[in-house]
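Thanks for coming, everyone. Please have a look at the structure on the screen, and then I'll walk you through a few places in it.

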Amino acid sequence: MPAPPVIVVEDDPFTRLIPLVLDPNANNERRAAFADFMSTDEPDFAGWCARVRANAKSLYPAEVRMVTSEAEMRASLANCRALVVESFRIGRDDLIAAKQLQVVQKFGVGLRNIDTAACAEKGVKVLTLRRRANISCAEHAFGLMLMLARKLDTLNGLVTVERMAAAGLSFKPFDRRHTPGGNYVRVGGTRALNGATIGIIGLGEIGREIAIRASAFGMRVLYHQRTRVPESEELELMARHMPLPALLAESDWIVPQVPTGPGTRNLLDREELLRIKPGACIVNVANAPIINRESLIEALRAGRLGGFALDVMYQEPMPNDDELLKFKNVVLTPRMAGSPRFNGLNDFEELITGLAREVTP
């Protein structure tokens with residue numbers, strides 16, 4: 001019997017799904033943990049695994065090696081048939097070492113970390129995946145933006161005289177003989193996204209999805225990151241690169257979308273928050289520590305921020321007396337941006353069946 005194909009996978013909370021489908025020796029504790037994690041949208045996780053496995057027969061059973069560093073990845077390449085990476089670099093030397101490699105799967109769409117020319121020379125197929133969770137993160141960011149811009153949380157249900165009164169509002173109709181009747185609750189301060197400027201800090205995979213949607217809303221798109229993207233991408237996304245101070249000063253909406261790490265912790269601190277245009281809003285669906293908490297609360301107290309939205313908290317769950325809960329212009333959601341779970345499930349069904357098409361006996 002031939003040896004099972006070896007698949008080397010860059011370790012990520014989601015790529016850990018791959019061995020649960022393809023490797024019969026996968027960790028049962030992790031299998032149970034994923035069954036619990038997926039249960040809100042897929043109560044039969046074992047059945048989902050079985051269905052995907054049935055459509056990837058050429059890959060089952062496989063030996064899936066999860067690697068946590070580029071050095072560990074390179075040490076596993078000798079008999080590797082398929083390689084799945086998100087951020088790890090794949091160069092010409094790696095391909096020389098991976099003599100049996102047939103396919104490289106990027107867990108995403110950006111190929112800057114993969115030497116595609118060397119892959120083509122070696123006859124190694126390169127696959128990409130436009131991740132559905134990234135798309136949902138962008139959708140959630142705009143949901144939060146619209147909630148702040150249109151005051152949807154305040155306006156929800158204010159359609160009866162009694163509910164208006166409970167909210168401290170009194171119904172006073174307009175003179176319809178002369179005027180339209182819109183906003184009969186007389187709530188001021190709503191704003192439009194069309195024509196506003198959005199500043200995206202980090203034009204990675206989620207940042208790109210946000211830029212695409214911002215252009216569709218008719219927003220002016222600015223972005224900042226250390227390495228400017230090629231001009232062709234800027235034209236495609238209708239995005240203009242700017243230094244961070246200028247972006248903060250010009251943007252009506254600021255969306256930090258950078259990886260969490262020592263280099264991005266407190267990226268927006270007191271100095272940066274003092275640079276923002278008065279009344280601008282910040283929407284963060286990446287991670288809380290990108291923004292210094294004390295400086296954020298100071299800016300909210302001072303009224304400098306027009307609004308703030310956050311999906312990944314400084315502490316989860318938050319204390320019930322957390323000060324952020326007291327501001328009327330703050331929207332907080334319980335880490336929902338990447339949901340529903342079928343985003344990840346559908347991504348990995350596509351990824352695994354795609355690998356199965358490329359890996360030949």
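Is Glu323 exposed, partly exposed or buried? Glu323 counts as partly exposed, at 25% relative accessibility. Buried means under 20% relative accessible area, exposed over 50%, and partly exposed is in between, with a 1.4 Å probe and protein chains only.

A word on the source. This is a predicted model: local features need pLDDT of at least 70, side-chain atom pairs count only at pLDDT 80 or more, and totals for chains, interfaces and linings use all residues. Residues are numbered from 1 along each chain as its sequence is written, and side-chain values use heavy atoms, with hydrogens and water left out.

Back to Glu323. Glu323 forms a salt bridge with Arg301, with the closest N and O atoms 2.9 Å apart. A salt bridge here is a side-chain nitrogen of Lys or Arg within 4 Å of a carboxyl oxygen of Asp or Glu. Glu323 sits in the loop between S11 and S12 and Arg301 in helix H14, so the pair ties together parts that are 22 residues apart in sequence. Arg301 counts as exposed, at 58% relative accessibility. Helices (H or I, at least four residues) and strands (E, at least two) are DSSP runs, numbered from the N terminus.

By this rule, the count comes to 25 salt bridges. Another one joins the side chains of Asp252 and Lys277, at 3.0 Å, N to O. Asp252 is in the loop between helix H12 and S9, Lys277 in the loop between helix H13 and S10, so this pair ties together parts 25 residues apart in sequence.

Now the sheet. It is open, has seven strands and runs S8-S7-S6-S9-S10-S11-S12, with parallel pairing. Two strands pair if DSSP finds at least two bridges between them. S8 and S12 are the edge strands, each pairing on one side only. S7 and S8 pair over three bridges. Leu222 has Arg240 in S8 as its bridge partner.

Last stop: Asp311. Where is it? Asp311 lies in the loop between strands S11 and S12. Asp311 is buried yet has no salt bridge. The nearest side chain of opposite charge is Arg335, 6.4 Å away. For charge, Lys and Arg count as positive, Asp and Glu as negative, and His and the chain ends are not counted. What Asp311 does have is contacts (heavy atoms within 4.5 Å). Among the residues touched by Asp311 are His140, Asn284 and Met336.

Note on methods: Lists of a residue's contacts leave out its neighbours within four places in sequence.
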